[in-house]
Each structure stands twice: as structure tokens, then as C-alpha cells.
Amino acid sequence: MEHTKIEDPQKRSALLRKVIDQIWQSLELKTILQTAVDEIAAMLNLDACSFLWYFERTERVQVVCKRTRNHDLAALEGTKPLSEVGYHPLDIFGTSASAIAQGQMVISCGPLNESRTFAAMTRLIANCPVARPPQNLMQGHEHPPPDMDPDNPASAPGTLDAVANLLVPVKGQEGWIGFIACLSQNSRTWSTAEVEFVQLIAQQLEIAIRQAQLYDRVHKQAQRERLVNQIVNQTRQSFDLETILTQAIAQLLEALEVDRCLIHLVEDREEGVTGDRHHETSFWNAANDVAFRREHLFEVCREPFPSSLDDFDTHGPITQWTIAHREEVIISDVSEDPRIGKQNEEYDKAEIKSSMVMPVQANGRLHAILYINQCSRVRQWSKHDRELARAVADQLAISIQQACLYAQKSATMERESLLRLIGEHIRRTLDINTILQTSAREVRQLLGADRVAIYQFSKEGAGQIVVEESTEKICLREAVKEHDCFYQECAEQLQSAQQPPVRAVEDVYKTHGNDENLACWQHLQVRASLSVPISRGNKVWGLLIVHECHKPRGWRTSEIELLQQLADQLAIAIHQAELYDRACANAIAAQTKAAELEQALRQLQETQAQLIQSEKMSSLGQLVAGVAHEINNPVNFIYGNLSHVDGYAQDLLQLLEAYQEHYPEPVPEIEEIAEEIDLDFLREDMPKVLNSMKIGADRIREIVLSLRNFSRLDQAEMKFANLHEGIDNTLLILQNRLRAKAGQVGIELVKNYGKLPRVECYPGQLNQVLMNIISNGIDALESYNEKRSIEEIRQNPSRITIRTEWVKKQGQNDRIIIAIGDNGPGIPDPIKARLFDPFFTTKAVGKGTGLGLSISYQIIEKHKGAIACISEPGQGAEFVIEIPVRQSEEVAVSHQPLMAMSS
């Protein structure tokens, strides 16, 4: 047996070294104590062995760890197990209590049933909880070792009743006292060797505890610094106060293994506004409001404990004490604290058993209060707990201060940005509605308000809402009624002074609590309001109004100053906009007059151009008619005598044949003359020459007739005409340009005529339109061919297509369509848009006046028709003319003969 070896000094030394080696294998206090207890119990053959802490300030004893040989030992007769108790009062040790308090050794060998002291010790050891190792044993006699967990009896593995025969003290240099308790179920005489052996182990255990204590301090310091560094990093990553606080208390909850962490932001009560503030009913009395809690309280809970924010009393006794004294509050048992009381409803609902409260302050200013609560058990707060909580509170004070500075800077920048934005709008646009709407929208977003409106006074004193920006379903402009509370308040503010003051109402329920207008404000969904006058010199133009619809609001001085600056900007903008409106009205009047003059000038130019062109065409027509008349007389003389010449020639040829028949052998002189004039060829070619002369005379007569028809000097009035005849006459005049020439390929002509009635029109003017369009088509094809080779032209020959169509409409005036197209390069959109503009031309100087298509457009309009160009680049162009068959409704065309089709 090991305990027999203790009597031998050599063997005892070996056993002692073995125990010491086992103890020094770990720096964890829990492991060290448990190893010592296990080794002592085994070597002394004990029924049970434990390690106890004694706390002088509370006069309590805690069982830290134990070792039992028989797990089935019955409870002592007449005693109740202590398994539900964490700390044990000293007086249960009876007469040994004084020795324990003084740190003296206790030795007992007596019978088990004669000592009340050892019976109590037996119950104590049998129900010892296995606790965590201490965090700091250097705290003197005021607090338990930091890492003990005395209030969790559920962690005890079981119960064992025995007699404590030997208690050997383990005293630290810092003043703490522990005991090695050796228990035996039977009476036992302790030898000097056994007592010395336990004392030697106690000495080594004191050194090991001191080393573990140092290790624990370093470990806890690292943990504290790590937590603080995490909070610092979060502060650097985000200036959002809710994020910083929520993450910090969540980490603190895990580090301290508590059940609730709550932080209460203490609002700066000196940042309110004066004016229409009622101090006895200020915003601070609305602290129980849900919105207030959402902005000022943050909590993290451990399962299964629910949130306590709704029941948290922001004016509770601990909160008030902390605000007044700016000191931390340490409460191990809330039921014993006189400030809280035994039956405190708030603490009972939150199930709080122990609480630690830390002020979060910096530079003499209290920013918040940190509440750390234990709900599952009563807890003795260790020095490490307080230091960690204090370090977190100090860092949170810095974080809150930085977040507040950032928020103030951001608010200042946002205010400056808003003022700059309004200024930019004033410079960019002088439209007053745009400026007012933008201002209202930006103010609502910046202040986070529910509604912003701009109210304009009229000359009579009343006014109207000109702009509204709101997140509410109720529209203020539609909800307000004449002479209701809204208009009355605006009128009162206008009449209150020459320069109306700012009117700030934090809570209409307080301001109008006994007022008949309260129902009106409730209908308008107004809970808090702020009105700032917009003044132009000594005259008040209107009001800038901000509404909070669902909760009271304390209007800050910075917010009022912002709205005042914005009101000044709006006053300048309104003045400039009014000046701009007047200038715009004058400019519009001048522009209208200029436009009228420009239109008159354009019409005069077009009329002048048309008159010039008409005069030119009239002169040309007269010239053509005169030339045609002069040519017609000799042509008729030639054409009329050609038949006689033909007869005479035939007679002479017949006479010559008769001579040759009767005088086959003429004299030499006649033969010589016949051979000289090539009589046989003359007889054969003479009829051909005469026939050719007849064809030429016919051709001259047709040309003369076409010139007369084209000029139409005899048809100056509107009459029914054959459009196909006009097209053919135009083509006949332009035939020379369509034919192939030396080195050039001709232009193909495709006619696709439909059956047309005679059309009521001005024939000469329509011929002018046809001439302009076909000439332009020929010009485009000739210009296009200059860029193509002969081979390309032969593969894709130039072509002009003319198509006519009669569009019959039931019960309406029928329409005639003339489409003239080419397969040229097409017309780009920019040019196509200006084709019918006067004096617009794409031709070289000297080759076009730009009046052809313009006059053609006017001629077609004169015929109540339309002309359009259909063209895509590379796809050719087609001009489509559409005119009615008759210009007057009483003229019938059903009896007009149809024009023949040709192609």
C-alpha cells in the first residue's frame, strides 16, 4: 500500500517527487488541484479528499474539487445534502470554524458520530461542485478566486458522506487561504509522516498555485486585450453605432459567459431647442416610446432568456445612481441590494440574479451605461470580470465618441452638400417648382422626417401648399381644410411678428393636449412639427415645414440652423425664378413677334421666288410657243409639198423607164451622164430619200406639238387633262438626255401606266412638276454613273420607272398616284428632310437654284394633294405624287374617258 511507504523517509521522498511531478505537468489551476487531491487520496488510502477555498470577506467556504473512493456512501443520518448550495457558510463547521478562519491545521481522529463539525464537513465535501480554475487569486480577502464557479451545483458529479479527519492549510503570499481536506469513513490515527507529507505537498501546491495564478493573469490580460482590439477594429471598420455596440456586447457576453448584456445610450439633454418647447412635457418624458428604445437601447441575450428591452426602465434606481455618481455598480445578489429591493418587477421579469453596471464615459461626459447580468445563477463578480468590463466600457466610450464625431461631421457635410445642391439647382435651373420639389425631397431624406411641405402665403394672408414630399399615405394638400388647425397655425406664425420666429413642436399631444385642435392634428397624422419662415426682405413668402408623423421628436439646434440656411437659399432662388419668369415672358413675346416676322419674310421670299420662277416659265413658255409657231409654218410648207414632190419623182422615174424601154441604145452623151450620176442608185434611193424627208417632217411636227402642249399657254385655267399625255410630252423633251451617247450608256425608261380618268388640274403646272422630278432623277443617275465603270453600269443599268395608279375611295373623292423612281444611290436622311426647303440644293453652283422641288411642293399643295420622297441610301429614290381626281365636288369624273395604258 502507498500509505505504508510514507513511513519510510526514502520512499516518502520518492512519493513526494512523484506527486510534485504530477502537479507541475500543468499550468491550469483546475488540473493542478485535481491532481493533488487524486494523488493524496490514493497515497493515504482516503475515503475522500477535497480542496477548499475560504473567503474571509463573506465568511464562506467553497469546495473546488474532490476525489472519493466509494461513490455509494450514504448520507449521514439526520442531515440534508447540500447539493443545491454553491457557497457554504463557515458556521456549519462548528468548533473548527475559528481554526479555518485563522488558517490553522485541523486534525481529528475521533468517532464519526460524535463530531458535528466533521459531519458538516462530510456533507460539504460530498456535494462539492467541480469548478473552473481561478482567474486571479491576488485579490486578497474581499472576493473569491476569479475563475471559481461556486454557484453552479449542477456541475457536481455526485454525493459522498465521510468524516474529514485532516485539514491542512495552503496559504498564499497574497493572503488567500485554501485547505487540503483528508476524510476517512472510519476512525483513524494520523501519523507524523502522513501530516508532514500532506504539508510538504501543500507547500509545493502553494508554489504551483502562484505559477498558475501568474499564467491566469497573463491569459486573462491577453483575452481582455484581444476583446478590446476587436472592438477597436470594429470601430475602424464601421462608424455605425448600432453595429459597434451590438457586436461589442455580444463578444463581452461570450467572454464573461453571462446571460444578458445591455447598453443604454444616455442622450445629451443639452442639445434641445428653445422657442416653442414645453419643459414640463419635454421629449425626455417620452422615453418609454418604442422608437426611443430602438434608438437608445441595445441588448444581446443568451438562450433561453428573451429580450428585456420592452420592460427596461431607463429611469430605474441603478441607472439614476450611475448617472449621479458616475461609478460602477457590482451586485452579486440583486435580492439583497437595497436600491433594487426583493420584489422588483423589472428584475423579476428579466430573471436577473446578479448584475454589474459600468458607466461608459470619456472626458467627463457620460455617453452610455453598460449592464452585464447573470440570470441562471447568483454570481460573485471577480476582479477579472470587473477589469474586463471596465476595459470594454472605456473602449466603447472612445468608440461612441468617435461615432458621434463622425456622425456630426457627416451631418455637417450632408448639410453643406444639401445647401450646395440647392445652389447648383438654382444655377442650373430657374424653374421654381423644380427647385422647391428638390429642396423638399432632400430635406426629408437628410432629416429622416416623414413629411416636408412648402407653404406659400397669398396676398390676402391665406395661402396654399405648393410642394409636398411624404412617406405617408395621407396627402397633406388633400387632407387640410379651410380654417383648420394647419392654416390657423400658419396664419398665427405669420402674424406673430414682423419676422416670424421658428416654431418647433416636439409633441402635439403635449402642446395641444387640452386643445380642441388635437383631433385635427391626429387626422393630419402630425406628432411633431418644425416651421421655418422663408422671407424675402421684410416680406414673408412662405414656410418650410417638417412633420414627424408617428413619434415625438426633439428638434436640434443644428437641424433648425440648417432649415434657416435653406430657407435663405430658397428665398434667393424664388426671387431669381420670378425675375427669370418675367424675363422669359418678355422673351416669349419677342420671340413670337420675331417668329411672325420671320414667317412673313419666308412667305414673301417664297412668293417672290415663285413669281420669278412662274415668270421665267411663262417667258420660257412664250418663247417655246413662238419658236414652235415659227417652226410650224415652214414645216407645214415642207410637209405639204412632200407629197407633190413624191408624185413628181415617181412620174419622172416612170418617164425614164419608158425612155429606156423604147430607146435601149442611147447616144454616148446620155450614157456618160447616166454613168456619172449613177442612175440605177438614184432610181433606187430617190423614194427612200423622199420617205426619210417625210419622216423628218413628221418628227418636227411632233416636237412642235409637244412644245405647244408642254407650254400649255392655251390652258392657264384648271381643266380636265390627260396626265399620261403630259408625262409623255415631258419624256419627249428629255429624250435626248435618256439616249446613249459616245462613251456613255443610256438610261432605261420603264412606264407602268394604269387606267386613269381625266384629271381636273392645271396641266402646265403639273408638267412643270414632272419635268423637275424626272430631270433630278436623270441628274442623280448621271452623277452616280460617273463613279461606276462601264461594266458595272451594264451589269446594273440605270433606270427610271414611272408608275400611275387610280385609287378609288367609296363615297370620297378618288385619288391619282404618280410614282417616279430611279435606282440611283439614294438620298441620305439629313438631305431628305430638307428636299422641299426653298433654295436648298446639293448641286454645284450654277447648276441648280434649289427652287424646283420647293415650287413643285407648292403646286401639289395647290392641287390639294401631297408629295413625298421614299429613299434609303443605296436603294434609289422614289417621289410619290398624290392628287384628287377632281378639285370641286360638283364635278363628276365617272363619265370621263379613261386614258390608255402604255408601257
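Trainee: How many bridges join β7 to β8, and do the two strands run parallel or antiparallel?

Mentor: Five bridges join β7 to β8, and the two run antiparallel. Strands count as paired if DSSP finds at least two bridges between them, so β7 and β8, with their five bridges, meet that rule. Within the pair, Ile 263 stands opposite Phe 298 in β8. Please keep in mind that this is a predicted model, in which local features need pLDDT of at least 70 and side-chain atom pairs count only at pLDDT 80 or more, while totals for chains, interfaces and linings use all residues. Residues are numbered from 1 along each chain as its sequence is written, and side-chain values use heavy atoms, with hydrogens and water left out.

Trainee: What makes β8 largely enclosed by the rest of the structure?

Mentor: A residue is buried when its relative accessible area is under 20%, exposed when it is over 50%, and partly exposed in between (1.4 Å probe, protein chains only). Four of the five residues of β8, which spans 297–301, are buried, and therefore this strand is largely enclosed. For the protein chain, with its 903 residues, 45% count as buried.

Trainee: Why is Cys 869 called buried, and where does Cys 869 lie?

Mentor: Cys 869 has a relative accessible area of 14%, and because the cut-off is under 20%, this residue is buried. Cys 869 lies in strand β22; strands are DSSP runs of E with at least two residues, helices are runs of H or I with at least four, and both are numbered from the N terminus. Apart from its neighbours within four places in sequence, Cys 869 is in contact (heavy atoms within 4.5 Å) with Ile 827, Lys 832, Leu 835, Glu 878 and Phe 879. The C-alpha atoms of Cys 869 and Ile 827 are separated by 9.0 Å, although these residues are 42 residues apart along the chain.

Trainee: What makes β22 one of the edge strands of its sheet?

Mentor: The open sheet has five strands in the order β18-β20-β21-β23-β22, with mixed pairing. Its edge strands are β18 and β22, each of which pairs on one side only. From one strand to the next the twist averages 15°, where axes are lines fitted to C-alpha atoms (for helices, over the stretch in contact) and angles run from 0 to 180 degrees between N-to-C directions. β18 and β20 pair in the parallel sense over five bridges, with Glu 748 standing opposite Arg 799 in β20. Helix α20 packs on this sheet, touching β18, β20, β21 and β23, and its direction makes about 170° with that of β20.

Trainee: Why is Arg 326 counted as partly exposed, and what about Glu 351?

Mentor: Arg 326 has 33% relative accessibility, and because this lies between the two cut-offs, Arg 326 counts as partly exposed. Arg 326 is not a glycine, yet its phi is positive, at about 55°, and its place is in the loop between α9 and β9. Glu 351 likewise is a residue other than glycine with a positive phi, near 60°, and it is found in the loop between α10 and β10.

Trainee: Which peptide bond is cis, and what is its omega?

Mentor: The bond from Glu 303 to Pro 304 is cis, with omega near 10°, and Pro 304 is found in the loop between β8 and α9.

Trainee: What is the volume of the largest cavity, and how many residues line the cavity?

Mentor: On a 1 Å grid over the protein atoms alone, a cavity is a set of points where a 1.4 Å probe fits but cannot get out, and lining residues have an atom within 4 Å of a point. Grid points are joined across faces, edges and corners, and a volume is the space filled by probe spheres set on the points. The largest cavity has a volume of about 180 Å³ and is lined by 18 residues, with Phe 312, Glu 346, Tyr 347, Ile 352 and Tyr 371 nearest its centre. At least two lining residues come from each of β7, α9, α10 and β11.

Key. On a 1 Å grid over the protein atoms alone, a cavity is a set of points where a 1.4 Å probe fits but cannot get out, and a pocket is an open set with protein on both sides within 12 Å along at least five of seven lines; lining residues have an atom within 4 Å of a point.
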